[in-house]
Amino acid sequence: MEKMEQRRKCKENNQPVQYKELKHEVQRMCREAKADHYNRKCEEIEQNPLMYQKITELTQFQVRCDQGVKSKDGKVLQSDEDILQRWAEYVEKLYHDDRSVNQSETDEECIIMEEEVKMVIQKLSKNKAPGEDNIPAEFLQSLGDTGLQLITKLMNNIYKTGKIPDNFAKNIFITIPKIPKAQECSDFRTISLISHTSKILLQLIKHRITPIIERLLAESQMGFRKGKGTRDAIFQLRVITQRAIQVKRKIYACFVDYQKAFDRVKHDKLVQ
């Protein structure tokens, strides 16, 4: 701190040479202090049985959310109860869907086989946070033949009746700010933790409808397709742009963004 004060005085007295020397010295001392701090922490970790706690103390990333969340009328909410109520209103509006559903009936019986369920379970990602039921994917993957039969029976009942269990519909929302000092709900990215068992049903439906969807999609559809990606579309646009510049032609590009479009899938329609 004394060196910093000397550096400040040199800057005020217009002494560039002394200021530059003190600046480098302060930077060097700060680096040494930082190294000493981490060395002391490492020594504590070696001597302390609670290693994990000390490592977490060094590496944990903390997001400050104490600035509150704004209500619909712009008022900053501070109490936990008001903030939870505001998030409930926001999420309810975000996922509200008043589109009409065309019910269709079919006599065709679709049976989910144990092989399908087993393949989906084995492909579940490991070390992922569980949903509201607190059942990790590793637990489902460790079930034997009896467990596989029970899950298959459950999936068939849901598929035939279209009735989804309540714990499948319960999600845990984790909010992550997209910008510093975020206060609007739209300034947060919401991560939804859903039940791993419900993921089995979703993957089974996905595997059945993917071949049908692929036949209906145009070649220009790049996103969310196996073997293709938005990078391919960006590359094509870049090649077209470069060629247009060479021949001195104009390009008219239209960018369309459907807000939260992929979060508003009619799941009851998919189950039919």
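I started at R225, which forms a salt bridge with E214, the closest N and O atoms being 2.6 Å apart. This pair links distant parts of the chain: R225 sits in the loop between α9 and α10 (230-247), E214 in helix α9, 11 residues apart. I checked cover next. R225 is buried, at 10% relative accessible area. E214 is partly exposed, at 31%. My cut-offs: buried is under 20% relative accessible area, exposed is over 50%, and partly exposed is in between (1.4 Å probe, protein chains only).

Notes on the source: this is a predicted model, where local features need pLDDT of at least 70, side-chain atom pairs count only at pLDDT 80 or more, and totals for chains, interfaces and linings use all residues. Residues are numbered from 1 along each chain as its sequence is written, and side-chain values use heavy atoms, with hydrogens and water left out.

**Salt bridges**

I took a salt bridge as a side-chain nitrogen of Lys or Arg within 4 Å of a carboxyl oxygen of Asp or Glu. By this rule I get eight salt bridges. Side chains of opposite charge can pair when their charged atoms come close.

I looked up E116 and R208 as well. Their side chains meet in a salt bridge at 3.0 Å, N to O. E116 is in helix α5 (residues 114-122) and R208 in helix α9 (residues 196-216), so the pair links distant parts of the chain, 92 residues apart. E116 is partly exposed at 23%, and R208 is partly exposed at 24%.

E5, R8 and E12 are linked in a network of salt bridges.

**Helix α2**

Which salt bridge did I find with both R28 and E32 in helix α2? The R28 and E32 side chains meet at 3.0 Å, N to O. Both lie in α2 (residues 16-47), four residues apart, about one turn of the helix. An α-helix has 3.6 residues a turn, so residues three or four places apart point the same way. R28 is partly exposed at 36%, and E32 is partly exposed at 40%.

I then checked the span of α2. The expected span is 1.5 Å times one less than the number of residues. The 32 residues of α2 should therefore span 46 Å, and the end C-alpha atoms are 47 Å apart, which agrees. The buried residues of α2 are L22, V26, K41 and I45.

**H196**

H196 is in helix α9. Is H196 buried or exposed? H196 is buried, at 1% relative accessibility. I counted contacts as heavy atoms within 4.5 Å. Leaving aside neighbours within four places in sequence, H196 contacts L124, K128, A129, P130, I135, P136, A137 and L140.

**Positive phi**

Most residues other than glycine have a negative phi. N14 is not a glycine, yet has a positive phi of about 55 degrees. N14 lies in the loop between α1 (2-12) and α2, and is exposed at 67%. K248 also has a positive phi, near 60 degrees, and is a residue other than glycine. K248 lies in the loop between α10 and α11 (267-271), and is exposed at 77%.

How values were computed: Helices (H or I, at least four residues) and strands (E, at least two) are DSSP runs, numbered from the N terminus.
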